[in-house]
Amino acid sequence: MEGTVYKSTGSWYIVKTKEGVFYNCRIKGRFRLKGIKSTNPIAVGDVVIFEEDPSAEEAQGVITDIKDRKNYIIRKSVNLSKQTHIIASNLDQVFLMVTLNNPTTFTTFIDRFLVTAEAYNIPVILLFNKIDTYSSEELDEIRYLAALYRDIGYKCIGISAASGKNVDQVKELMLGKTSMFSGHSGVGKSTLVNAIEPELNLKTKDISTQHLQGQHTTTFAEMFDLSMGAQIIDTPGIKGFGIVDMEKEEIGGYFPEFFKLQGECRFNNCLHVDEPQCAVKEALEKDLVAWSRYKSYLQMISGEDENYRTDIYGEKK
């Protein structure tokens, strides 16, 4: 039998068949022996082959194979440096939710996420949430950030999941697609899902005042079918984003504004660091490329993983 993984709890997987029947499935041990360094060999969104367990009282099965993925979002496991974690697979698009504060989303986090999505050809829409809570100065900062990423080519929408402002724009983009919502804990992912489909009634929690962090309300990634004809994958909040399996020579290619310029560099293998006649550095000096993006790029090619290893809201920053 064939189905799509809707939820993973680590040891059990909820799989939905094309006929709409849900099965609780386990995996065969051999999945863990394939040399996959991922902490989760099967992810939400995967299409799998499974055998029904006729002896079980309820619909249960054993997953025997996984079909090739169209794409996936992957990151380094924070506590297991040599392992990776696949957040979700077979996505049409990702909505990355950003908040200026309460909690703070740093541009280094946004850029790491965007680079990973670019590497796997997954479109990303940036949602600047909680715009109804900001002062005029903070709104100016949001506008600046949105303009920065729009110039690169990313769609940006200012929203309020709590009040419903511009949620219709998000819904329109989701029609007929499988979308993933991601971002730090507390940015409002579950609140937005509830605004889109109130019947789901996902749990939400207040921001922790101690570190202005969100509290984890979503423990595992989970896919939901929406009544408007779309699928959504709600994911646990992530503190940081370590990029995976990228050579430093290829990272610049996942910055669209660098990629456009690299043909004008003197050297075709230019790393945009110390090389003479570098078009990216010349654009940087003319403020045609954002310094925040270049700083993120330098961190990535140097292998600095500080931003996903430390508590960016705590004393270690």
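## Close-up views of a predicted model

View 1. The side chains of E257 and R293 come together in a salt bridge, 2.8 Å from N to O. E257 belongs to helix α6 (residues 256–261) and R293 to helix α8, so this pair ties together parts that sit 36 residues apart in sequence. Keep in mind that this is a predicted model. Are the two partners buried or exposed? E257 is buried, with a relative accessible area of 12%, and R293, at 0% relative accessibility, counts as buried too.

**View 2. A look along helix α8.** Just past the end of α8 comes G303, which takes a positive phi of about 80 degrees.

View 3. The largest nonpolar core has 47 residues, and the ones touching the most other members are I63, I73, F113, L126, Y149 and M180. Which helix gives the most to this core? That's α2 (residues 136–152), with six residues. Another core lies apart from it and has 21 residues, including M246, F255, Y297 and I301.

**View 4. Helix α3 and its two faces.** In α3 (residues 167–174), V167, V170 and M174 are buried. These residues cover an arc of only 60 degrees around the axis, which puts them on the same side of α3. Turn to the face pointing away from that buried side and you'll find the exposed residues D168 and E172. What covers the buried residues of α3? The cover includes β8, β9 (124–128), β11 (178–182), α4 (189–196), β12 (222–226) and β13 (230–234).

**View 5. T105, tucked into a loop.** T105 sits in the loop between β8 (93–98) and α1 (107–119). With 8% relative accessibility, T105 counts as buried, because the limit for that is under 20%. Who does T105 touch, leaving aside its neighbours within four places in sequence? The contacts of T105 are M97, V98, T99, L100, I110, H184 and V187.

View 6. The bridge links distant parts of the chain: E222 is in strand β12 and K7 in strand β1 (residues 2–8), 215 residues apart. E222 is partly exposed, with a relative accessible area of 23%, and K7 is partly exposed as well, at 22%.

**View 7. R143 and D140, a pair within helix α2.** Side chains of opposite charge can pair when their charged atoms come close. In this view, R143 forms a salt bridge with D140, with the closest N and O atoms 2.9 Å apart. The two residues are three apart in helix α2, so about one helical turn separates them. R143 is exposed, with a relative accessible area of 52%, while D140, at 47%, counts as partly exposed.

**View 8. A salt-bridge network.** E2, K18 and K67 are linked in a network of salt bridges. How many salt bridges are there in the model? The count comes to nine.

How values were computed: Residues numbered from 1 in each chain as written. Predicted model: local features only at pLDDT ≥ 70, side-chain atom pairs only at ≥ 80, totals over all residues. Heavy atoms only, no water. Helix = DSSP H or I, 4+ residues; strand = E, 2+ residues; numbered from the N terminus. Buried < 20%, exposed > 50% of the residue type's maximum accessible area, 1.4 Å probe, protein only. Contact = heavy atoms within 4.5 Å. Core = buried A, V, L, I, M, F, W, Y, C linked by side-chain atoms within 4.5 Å. Arc of directions from axis to C-beta. Salt bridge = Lys/Arg side-chain N within 4 Å of Asp/Glu carboxyl O.
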